[in-house]
Amino acid sequence: MASHYEAPIRKPLVIGDKGYHDVSVDIAAPVEGRANKHWWIVFSIALVAFLWGIGCIIYTISTGIGTWGLNKTVNWAWDITNFVWWVGIGHAGTLISAVLLLFRQKWRMAINRSAEAMTIFSVVQAGLFPIIHMGRPWLAYWVLPIPNQFGSLWVNFNSPLLWDVFAISTYLSVSLVFWWTGLLPDFAMIRDRAVLPFQKKIYSLLSFGWSGRAKDWQRFEEVSLVLAGLATPLVLSVHTIVSFDFATSVIPGWHTTIFPPYFVAGAIFSGFAMVNTLLIIMRKVCHLEAYITVQHIELMNIVIMITGSIVGCAYITELFVAWYSGVEYEQYAFLNRATGPYWWAYWSMMTCNVFSPQFMWFKKLRTSILFSFFISIVVNIGMWFERFVIIVTSLHRDYLPSSWTMFSPTFVDIGIFVGTIGFFFVLFLLYARTFPVIAQAEVKSILKSSGDRYKKLRDAGKPLYKIERMQTTGLKSEPITDDVLMGEVVPAVGDKTGVNDLLSSIGTFDSTTETADDLKKIKGIGPQMESTLNEIGIFTFAQVGRMTEREYDLLDSITGSFPGRAQRDDWAGQAILLNNKK
């Protein structure tokens, strides 16, 4: 009972009168059902942006990099800004999931899948920019240390740019395995619910033969912990190495030791903001308000507020170090950022990243869905401006005033960036239609402690045998036996009253007019279980098909074996399909 206890002061993480079967149905609904109007609207906007980006990429490759706004002085500009921005967003996703898993945070269950998927799709967008920047992507193999028509070309292994390649590819590999491992129980759930043979076959392959045995779960938890332990330090190393691209140079504004922690904090900051954006969109598009609650959004906003304060502290430290160093070039670099021709970008960065998160100190604002969505977008805009300020304002005024110039993006620059945003959302929305966006098995694991129904049962404060079962449609007073741990009304094993209650709900079998069905066709029912069901009086698919959560619980209490098995395997859903095929 202690394992299901949670302090009454903690708000429920699953709201509504949700049971195990409800969780499966709700989370599988976006995959099994038709896309709703909201999904099509968001997908159409993302697809238009993606197609615009494709057109700009084709124009760039066919014409040349001269279509971009790059010039002799600012040769790292829009594309590298976007690269670092996408890398920063991507590296927070797996970190969020891994750290919350290591610290056993229950509110992780609703957000981890979106965060992990965000990592994969963001790194894909980031990888596009170096490839396009090559100018001739079909000759990309020239950068590999292999013999070619120019002789043996060996890369510079001391370059942070090469460290980027190894760090990001390693991180992407670990993140991909971590994400896929977490999806296995959900693929199996969709597989078992699938009606079409083709769909069942596809999800059977994706689930890697997941059977839900104790051994499967043991390996699942061990692998998840190992991958989480690997991913956490990788996050720190990857964005640290990205910062070395700048910090190892001697350019004023870049040559500073604060860059590694500064970049890591910024990556976590922007990543949490993007996850918040995705959660708010998905809870509306996929009707998951019961699982992605205001409590989840509030906790995300608190982290955004904290990391935003850390980023603000890093900005102040940068200014202090530049002043304290006494190096006039460093001092001018920061003065130029705040008062030079790009002052608007600098102050946009400060406003979005330092000042806007401070609104989250107010509970009314951080629990507002609309305001949270607005701030999450503002933060991501601010983090893009941060990368723009670091790169462009440090380069456009060099040591030689004769090489001073201004950078301005062309429509191709802007189009490719907008295209990657569209591509990201196209991938995410398609993913939401094919993969469960919430880990249903993990949500079920916290249902007894953090589900709204079960918290109400415990918070009633009455003797166990008088607790009332609270339902969203009203109150239904039912006595509770010793199995209050499960929060359900359950009769004792062998109790004839329980059998009568069960049969009164699902119907009785009349041997004179009906024919018994082969219940072993239902996955999860073997010869022994079929014999037990027959002893109770259950002989047909029609009877099993009428079972709801209440009947499942009655059946568990009567048989006393494999509690929750019928509900997890969705016997009722299988029985309805089998009955229709007769």
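**Notes on the predicted model**

1. Helix H8 (residues 259–285) and helix H13 (residues 369–395) have axes that come within 9 Å and cross at roughly 145 degrees. Axes here are lines fitted to C-alpha atoms over the stretch in contact, with angles from 0 to 180 degrees between N-to-C directions. The crossing of H8 and H13 is left-handed, and their contact involves 15 nonpolar, 7 polar and 3 charged residues.

2. A word on provenance: this is a predicted model, where local features need pLDDT of at least 70, side-chain atom pairs count only at pLDDT 80 or more, and totals for chains, interfaces and linings use all residues. Residues are numbered from 1 along each chain as its sequence is written, and side-chain values use heavy atoms, without hydrogens and water.

3. Among contacts (heavy atoms within 4.5 Å) with a separation of 6 or more, 77% join residues 24 or more positions apart.

4. Do look at helix H19 (residues 527–536), where Met529, Glu530, Leu533 and Ile536 are buried. Seen down the axis, these buried residues fall within an arc of 115 degrees (from directions to the C-beta atoms), so they line one face of H19. On the other side of H19, Pro527, Gln528 and Glu535 are exposed (over 50% relative accessible area). Just after H19, glycine 537 has a positive phi of about 120 degrees.

Methods
Helix = DSSP H or I, 4+ residues; strand = E, 2+ residues; numbered from the N terminus. Left-handed = near helix turned anticlockwise from the far one by under 90°. Nonpolar A, V, L, I, M, F, W, Y, C, P; charged D, E, K, R; others polar. Buried < 20%, exposed > 50% of the residue type's maximum accessible area, 1.4 Å probe, protein only.
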